[in-house]
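Dear colleague,

Please find below the structure that I am handing over to you. My notes on it come after the display.

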Amino acid sequence: MSQMDLEKIEKAITMILEAVGEDPGREGLLDTPKRVAKMYAEVFEGLDKDPRQYFETVFHENHDEVVLVKDIPFHSMCEHHLVPFFGHAHIAYIPRNGVVAGLSKLARAVETTAKRPQLQERITSTVANAMMEMLNPIGVYVIIEAEHMCMTMRGIKKPGAKTVTTVARGIYEHDDVKRAEILSLLK
């Protein structure tokens, strides 16, 4: 990623280690600033990517029923505390006029959107909006379930608590039966 300043991240991590009372020159910490900088380059690699790119190539298939990709694993970093949250995304859509995306593209859209300082709510809506804009489906329904380390390791300290966010677009916004169909497929 061209905008990532690894040297600046290394200096910042060294400063954090000093600020918490650690010795950055200690054997176990000698390469930590460099490792953390490389990690940030990896976990934030979605910063300069647009998830809509994955829906530029489409296929035309005689299919006008639900397409559901469920249990897409992802991890992201809470933008409020810079600690991880992780879970699974479920994406359903109904193609319009047989326009379908490659199934892996749904997972790639989640991955790209998650790889930046993020909010779970924003991942959910960004993926749904990208699909609506690029595929023009009859409807999109995105559900994300995640555990947030900012609630597990600090603050309220409730390990195992899951946050669920949903975004319904198109027919899913108003059709309770269509939404219920997706929820039943997820069980």
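Predicted model: local features only at pLDDT ≥ 70, side-chain atom pairs only at ≥ 80, totals over all residues.

Residues are numbered from 1 along each chain as its sequence is written, and side-chain values use heavy atoms, with hydrogens and water left out.

**Overall fold**

The protein chain has 6 helices and 7 strands; these are DSSP runs numbered from the N terminus, helices being H or I with at least four residues and strands E with at least two. Their order along the sequence is α-α-β-β-β-β-α-β-α-β-α-β-α. Along the principal axes, the C-alpha atoms fill a box of roughly 65 × 35 × 20 Å. Of the 187 residues, 40% count as buried (under 20% relative accessible area, with a 1.4 Å probe and protein chains only). Among contacts (heavy atoms within 4.5 Å) between residues at least 6 apart in sequence, 70% join residues at least 24 apart.

**Helix pairs**

Helix H1 (residues 6-19) packs with helix H2 (residues 32-43) at an angle of about 130°, their axes lying 8 Å apart. Axes are lines fitted to C-alpha atoms, for helices over the stretch in contact, and angles run from 0 to 180 degrees between N-to-C directions. On the H1 side, Leu 6, Ile 9, Glu 10, Ile 13, Thr 14 and Leu 17 take part, and their partners in H2 include Val 36, Ala 37 and Tyr 40. The residues of this contact divide into 9 nonpolar, 2 polar and 2 charged (Ala, Val, Leu, Ile, Met, Phe, Trp, Tyr, Cys and Pro are nonpolar, Asp, Glu, Lys and Arg charged, and the others polar).

H3 and helix H4 (residues 120-135) pack at about 135°, with axes 10 Å apart, which makes H3 oblique to H4. Leu 106, Ala 109, Val 110, Thr 113 and Ala 114 of H3 meet Ile 123, Thr 126, Val 127 and Met 131 of H4. By class, 7 of these residues are nonpolar, 2 are polar and none is charged.

**Lys 115**

Lys 115 lies in the loop between helix H3 (103-114) and strand S5 (117-118). Lys 115 counts as buried because its relative accessibility is 7%. Leaving aside residues up to four places away in sequence, Lys 115 touches Glu 42, Val 43, Phe 44, Glu 45, Gly 46, Leu 47 and His 75.

With kind regards

Note on methods
Buried < 20%, exposed > 50% of the residue type's maximum accessible area, 1.4 Å probe, protein only. Parallel < 35°, antiparallel > 145°, perpendicular 65-115°, else oblique.
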